[in-house]
Amino acid sequence: MKYEHTKQYQRPKKKKEKKEKMGYQKEQKSHVIVLPYPSQGHINPLLQFAKRLASKGVKATIATTHYTVNSISALNVGVEAISDGFDTGGFAEAKSEDLFLKSFKTNGSRTLYELIQKYQNSDFPVNCIVYDSFLPWALDVSKQHSIYGAPFFTNSATVSGIFSQIHLGLVSLPVKQEDMPLLIHGFSPLNFPDLPSFLKFPERYPNVMEGKRSQEIKKNSIKWREKAKAAVNEGGSSDNCINEFVEFLIRSDRKKSLNGHN
């Protein structure tokens, strides 16, 4: 009888604990705005990241341009529109990439700020922006609201490795077919068809390969590569990294709540 009583007592307790744990996850109020550069190759990885956050109990909202907002749909992920200044035709409406980027910075900063304000007094105020590394101005918006900002690099570790080689002067542009294969420490030999087009035709990408933005990308390329390698070598999957990120937001929410009650 004693054994049966103990068994009956333990089983409901475990169910209750599991229920409480799940309940806590649902009550958790962290809210992350995810801001992609408005092209498919950038939207998809950030959308997958937003879905992973949502699976951890975090409210995730994709902020994208009016032109692309209707192309995004995902269960448990919110979608909100911000302006790039070309709301009818998007990038094609702009006369040049340089004009588009300047307009997106001006109008995107303003409308992203307004979007954060929209949730300010809701049950889910925004406490973090995860932004495409192509849109560094989003960090300024996060600072204006005193919330966290984190860049998301949609380029692969290989591309970061190539940027680091360019920065160190070990790769000259344009890369020519007769110089193949391209050898980069830590990677398999790369043949001409394997290379991104900006290496073969850098003149087509002046905003990436020239000017202030180019210098910023090249300067940070080694750091990006090392961080990517560290993330792989630490033994965890991307899921572990996301868990750490979510736990950080939860701890920050707790601390903010405690300070608010004092």
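## Charged pairs, rings and an annotated span

Student: By about what are Glu114 and Arg110 separated in helix α3?

Tutor: The model is a predicted one, in which local features need pLDDT of at least 70 and side-chain atom pairs count only at pLDDT 80 or more, while totals for chains, interfaces and linings use all residues. Residues are numbered from 1 along each chain as its sequence is written, and side-chain values use heavy atoms, with hydrogens and water left out. Helices (H or I, at least four residues) and strands (E, at least two) are DSSP runs numbered from the N terminus. Because Glu114 and Arg110 are 4 residues apart in helix α3, their separation is about one helical turn.

Student: At what N to O distance do the side chains of Glu114 and Arg110 meet?

Tutor: Side chains of opposite charge can pair when their charged atoms come close. The term salt bridge requires a side-chain nitrogen of Lys or Arg within 4 Å of a carboxyl oxygen of Asp or Glu. Glu114 is partly exposed at 42% relative accessible area and Arg110 is partly exposed at 41%, where buried means under 20%, exposed over 50% and partly exposed in between (1.4 Å probe, protein chains only). Their side chains form a salt bridge with an N to O distance of 3.8 Å.

Student: How many salt bridges does a search of the whole structure find?

Tutor: Besides Glu114 with Arg110, Lys102 and Asp98 meet at 3.3 Å, N to O, and these two residues also lie 4 residues apart in helix α3. Lys102 is exposed at 53%, whereas Asp98 is partly exposed at 35%. Another bridge joins Lys118 to Glu80, and the number of salt bridges found in the whole structure is 3.

Student: How far apart in sequence are the parts that Lys118 and Glu80 tie together?

Tutor: The closest N and O atoms of Lys118 and Glu80 are 2.9 Å apart. Lys118 lies in helix α3 and Glu80 in strand β3 (residues 77-82), so the bridge ties together parts whose separation in sequence is 38 residues.

Student: Which kind of pair do the rings of Phe100 and Phe104 make?

Tutor: Rings of Phe, Tyr and Trp (its six-membered ring) pair if their centres lie within 6.5 Å, planes under 30 degrees apart counting as stacked, over 60 as edge-to-face and the rest as tilted. By this rule there are 9 aromatic pairs. The ring centres of Phe100 and Phe104 lie 5.8 Å apart with their planes at 45°, so the pair is tilted.

Student: In which helix do Phe100 and Phe104 both lie?

Tutor: Phe100 is buried, with a relative accessible area of 1%, and Phe104 is likewise buried, with a relative accessible area of 1%. They are 4 residues apart, about one turn of the helix, within residues 97-118, which form helix α3.

Student: How many residues apart are Phe104 and Trp137?

Tutor: Trp137 counts as buried at 7% relative accessibility. The ring centres of Phe104 and Trp137 are 5.3 Å apart and their planes stand at 70°, so the pair is edge-to-face. Phe104 in helix α3 and Trp137 in helix α4 (residues 137-144) link distant parts of the chain, with a separation of 33 residues.

Student: Which UniProt annotation covers residues 31-68?

Tutor: UniProt positions are given in the numbering used here, with feature names shortened, and annotations may be inferred rather than shown by experiment. The end C-alpha atoms of residues 31-68 lie 22 Å apart, and the span is 42% helix and 32% strand. According to the unreviewed UniProt entry, residues 31-68 carry the annotation "domain: Glycosyltransferase N-terminal".

Student: Leaving aside neighbours within four places in sequence, which residues is Thr65 in contact with?

Tutor: Thr65 belongs to strand β2 (residues 59-65) and is buried, with a relative accessible area of 1%. Contact means heavy atoms within 4.5 Å. With neighbours within four places in sequence left aside, the residues in contact with Thr65 are Pro38, Ile82, Asp84 and Phe104.
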